[in-house]
Amino acid sequence: MNLRRYVANDMREALAAIRAELGAEAVMLSSRKVGSSVEVIAAVDYDGSFGGEPDTAADEASARALGAYEQAARRSVAQAAAPQDRAPQQAPTPIRTAPAQAAAAARAAAPAEALVSPPSVDEGAGAAAAAQPSQAAAPAAAADGPTAASLALEIQDLRRLLETQLASLAWSDLNRQAPVRARVLRELAKLGVDAVVAAELAGEVPGSASFQEAMRLVVRRFGERLPLVTWDMADDGGVFALVGPTGVGKTTSIAKIAARFVLRHGVEELGLVSTDTYRVGARQQLSNFARILRAPMHVAENAADLKRVLDGFAHKKLVLIDTAGMSQRDVRLANQFTTLKVEGHDVRTVLALSAGADRACLAEALRVFEAAEPSALVVTKLDEAAALGGVLSLAIGRKLPIAYLSDGQRVPEDLHRAAPKRFWLLGSALKLSANAAPDENELADRFGHMELAVNG
Ligand SMILES: Nc1nc2c(ncn2[C@@H]2O[C@H](COP(=O)(O)OP(=O)(O)O)[C@@H](O)[C@H]2O)c(=O)[nH]1
Ligand SMILES: [Mg+2]
């Protein structure tokens with residue numbers, strides 16, 4: 001079987017390209033929207049068995065459920081290929097449908113909707129399909145007896161299975177046709193680099209590059225794209241609030257920054273504020289640091305309090321606000337972010353993230369704390385991290401510059417400005433990646449769904 005991926009502006013253009021290149025015997029295995037384009041996986045010499053015969057009860061049930069849809073899907077695919085506004089002489093040769101094609105159509109429709117209307121392939125076809133009488137699936141479902149919910153689940157399972165298979169095929173295709181680029185992606189996955197950033201970097205590798213040349217280029221470009229803050233709170237001053245998940249090291253980082261500042265400018269220029277009023281002992285931690293430094297520290301329970309405290313600290317060069325350490329999902333977070341917007345004061349928020357957190361945790365933290373509109377990052381617990389690519393590619397992807405790096409509990413020794421540490425960061429990331437070994441399924445899952453250019 002010869003498998004090809006096509007990306008076109010719309011389904012009609014994709015079908016024309018497939019017909020022109022693979023001929024009328026081409027089979028369309030899947031289609032999906034990618035941004036404003038349509039991606040179609042097509043094959044010639046297709047033998048009808050995709051991933052073997054169904055050998056489990058679940059596969060059989062899915063195949064049965066799919067059968068009911070095939071006809072409807074074939075109709076909507078035919079509509080997608082049909083000339084809607086095309087000149088009559090360009091009448092299309094119909095492209096043969098395959099079971100996977102029906103699955104792709106099912107993917108485009110929400111499971112619940114799929115039970116009442118034929119699945120759509122693209123938006124145009126979806127609209128056409130919605131206008132069709134929708135009896136195709138219902139009688140089959142009634143005859144087989146399964147409930148609507150179980151059918152929807154079966155279709156979802158089948159869709160997942162097909163997506164996994166296709167991703168795995170696309171990944172092995174890339175390995176065969178562009179081995180250097182695939183090896184670069186493998187290395188970037190070991191670094192923990194986010195798939196989108198990795199694909200962008202790998203896309204810059206010229207087709208003729210050797211693996212060593214490609215890696216040199218990719219590491220250099222990764223380093224160049226890493227945004228690092230040029231200012232230093234401990235020198236330039238300002239009003240800063242540290243936000244972030246519980247236990248990442250916000251209070252400790254404030255103590256470290258405060259201590260650096262006091263060493264340079266004296267304690268009179270510093271003000272400390274805690275808005276952490278939820279956890280017993282949380283303010284105690286900051287007030288202990290304040291006592292050691294002999295710096296003034298106030299607690300603000302609400303927006304009015306915070307305004308009063310900041311007004312009182314108006315003459316200070318640096319004011320650091322410690323915020324509540326609570327769950328990312330806590331609804332009280334929203335109140336806190338509103339509290340941080342104080343009239344008459346330019347409070348800049350800085351997000352603290354642990355380098356040790358996995359990709360999903362980092363993405364979730366960013367999603368939640370984006371509401372606080374952070375202007376920079378403090379990356380903590382570098383000493384405990386197993387990979388650095390995740391947090392570094394998050395900084396690149398979200399254009400959030402890194403201000404400080406924390407690699408231990410000592411105050412203030414274990415805090416460093418990020419700006420002079422670009423190459424140290426890259427070196428550490430590479431060193432850690434030497435221990436990692438993502439397996440091929442994981443790689444296919446990461447990169448097989450992406451739009452990866454095979455040729456340089
Ligand atoms: N290993 C390590 N521990 C840290 C680092 N930063 C903070 N911690 C520790 O993490 C724990 C939680 O820190 P804390 O500042 O209270 O976190 P917060 O809840 O975000 O304020 C404390 O035991 C800190 O000593 C770091 O960079 N590396
Ligand atoms: Mg704290």
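The questions and answers below concern charged and aromatic side chains.

User: On what basis are the values given?

Analyst: This is a predicted model, in which local features need pLDDT of at least 70 and side-chain atom pairs count only at pLDDT 80 or more, while totals for chains, interfaces and linings use all residues. Residues are numbered from 1 along each chain as its sequence is written, chains are lettered from A and ligands numbered from 1 in the order in which they are written, and side-chain values use heavy atoms, with hydrogens and water left out.

User: How many salt bridges does the count come to?

Analyst: Side chains of opposite charge can pair when their charged atoms come close. A salt bridge is defined as a side-chain nitrogen of Lys or Arg within 4 Å of a carboxyl oxygen of Asp or Glu. By this rule, the number of salt bridges is 18.

User: How many residues apart in sequence are the parts that R5 and E39 tie together?

Analyst: R5 and E39 form a salt bridge, with their closest N and O atoms 2.6 Å apart. Helices (H or I, at least four residues) and strands (E, at least two) are DSSP runs, numbered from the N terminus. R5 belongs to strand β1 (residues 2-8) and E39 to strand β3 (residues 37-44), so the parts tied together are separated in sequence by 34 residues.

User: Which helix holds both R220 and E224?

Analyst: The side chains of R220 and E224 form a salt bridge at 3.8 Å, N to O. These two residues also belong to a network of salt bridges with E204 and R221. R220 and E224 are four residues apart, and so separated by about one helical turn, in helix α10 (residues 211-225).

User: In which helix does D235, the partner of R264, lie?

Analyst: R264 and D235 meet in a salt bridge of 3.1 Å, N to O. The pair ties together parts that are 29 residues apart in sequence, because R264 lies in helix α12 (residues 250-265) and D235 in helix α11 (residues 233-236).

User: How far is R183 from the ring centre of F211?

Analyst: A charge sits over a ring if NZ of Lys or CZ of Arg is within 6 Å of the ring centre and within 35 degrees of the ring normal. The charged end of K421 sits over the ring of W424, 5.4 Å from its centre. R183 lies over the face of F211, and its distance from the ring centre is 3.6 Å.
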